[in-house]
Amino acid sequence: MAQKGDVFAFAGETEVEVLDDIVSRQILTYNDEIMMVRVIFKKPGPGGVPHSHPHVQTTSVESGVFDITIDGRTARLKAGDSFYVPGGVHHGAICIEPGVLVDVFTPMRQEFVAA
């Protein structure tokens, strides 16, 4: 895992955490105010259950195709597209074609890092 406060994050040197048979997570870099995370989808399917969190989230589609639902609205996004989720808003992703989402959270997601 990237270390808190590192100014550089090298994907080849950063741990990838397998969450389930579809999704893996790679925490790139963070401090108390912000966190960047790669979410890797190995095959089509849901990226976890729809959820909400108090953190503001912006996401860029690095690769693949995803159906993103935010507060009841759904759009199909592909590489180069992005989305914004206000804190506390219900949202979720369904992978249509395998790929990677790059999430940025503020404040950082404390539950993503070991105590």
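Biologist: How many positive and negative side chains does the chain have, and how far apart do the centres of the two sets lie?

Modeller: The chain carries 9 positive and 15 negative side chains, with 5 Å between the centres of the two sets. Lys and Arg are counted as positive and Asp and Glu as negative, while His and the chain ends are not counted. Each charge is placed at NZ of Lys, CZ of Arg, CG of Asp or CD of Glu.

Biologist: What kind of model is this, and how are residues numbered?

Modeller: This is a predicted model, in which local features need pLDDT of at least 70 and side-chain atom pairs count only at pLDDT 80 or more, whereas totals for chains, interfaces and linings use all residues. Residues are numbered from 1 along each chain as its sequence is written, and side-chain values use heavy atoms, with hydrogens and water left out.

Biologist: Which secondary structure elements are there?

Modeller: The chain has 8 strands and 0 helices, so the order from the N terminus is β-β-β-β-β-β-β-β; these are DSSP runs numbered from the N terminus, with helices (H or I) of at least four residues and strands (E) of at least two.

Biologist: What is the radius of gyration, and what would a compact globule have?

Modeller: The chain has 13 Å, which agrees with the value near 13 Å for a compact globule of 115 residues. The radius is taken over C-alpha atoms, and the globule rule is 2.2 Å times the number of residues to the power 0.38. Along the principal axes, the C-alpha atoms fill a box of roughly 35 × 30 × 25 Å.

Biologist: What share of the residues is buried, and what about the surface?

Modeller: Of the 115 residues, 40% count as buried. Buried means under 20% relative accessible area, exposed means over 50%, and partly exposed lies in between (1.4 Å probe, protein chains only). The accessible surface is about 6500 Å², and carbon and sulfur atoms supply 57% of that area. The areas come from the Shrake-Rupley method with a 1.4 Å probe, and for residues only the protein chains shown count as cover.

Biologist: What part of the contacts joins residues 24 or more positions apart?

Modeller: Such pairs make up 62% of the contacts with a separation of 6 or more. A contact means heavy atoms within 4.5 Å.

Biologist: Turning to rings, how many aromatic pairs does the structure hold?

Modeller: There are 3 aromatic pairs. One of them is Phe105 with Phe112, an edge-to-face pair at 5.8 Å centre to centre with 90° between the planes. Rings of Phe, Tyr and Trp (its six-membered ring) pair if their centres lie within 6.5 Å; planes under 30 degrees apart are stacked, over 60 edge-to-face, and the rest tilted.

Biologist: Are those two residues buried or exposed?

Modeller: Phe105 is buried at 2% relative accessible area, and Phe112 is buried at 13%.

Biologist: Which residues are joined by a cis peptide bond?

Modeller: Thr106 and Pro107 are, with omega about -10°. Pro107 lies in the segment after β8 (91-106). Most residues other than glycine have a negative phi, and most peptide bonds are trans.

Biologist: Which residue has a positive phi although it is not a glycine?

Modeller: Asp71 does, with a phi of about 50°. Asp71 sits in the loop between β5 (56-70) and β6 (73-78) and is exposed, with 59% relative accessibility.

Biologist: Where is Met108, and what does it touch?

Modeller: Met108 lies in the segment after β8 and is buried at 6% relative accessibility. Beyond residues up to four places away in sequence, Met108 touches Tyr30, Asn31, Asp32, Glu33, Ile34, Met35, His55 and Val113. Met108 and Gly64, 44 residues apart along the chain, have their C-alpha atoms 25 Å apart.

Biologist: And Arg76, is that residue buried or exposed?

Modeller: Arg76, in strand β6, is exposed at 54% relative accessible area. Outside four places in sequence, Arg76 is in contact with Val65, Phe66, Asp67, Asp81 and Ile96.

Biologist: What about Ser52, where is it and which residues does it contact?

Modeller: Ser52 is in the loop between β4 (45-46) and β5 and is partly exposed at 41% relative accessibility. With neighbours within four places in sequence left aside, Ser52 contacts Gly88, Val89, His90 and His91.

Biologist: Last one: where does Val16 lie, and what does it touch?

Modeller: Val16 is in the segment before β1 (17-18) and is partly exposed, with a relative accessible area of 41%. Not counting residues up to four places away in sequence, Val16 touches Ser24, Arg25, Gln26 and Ile40.
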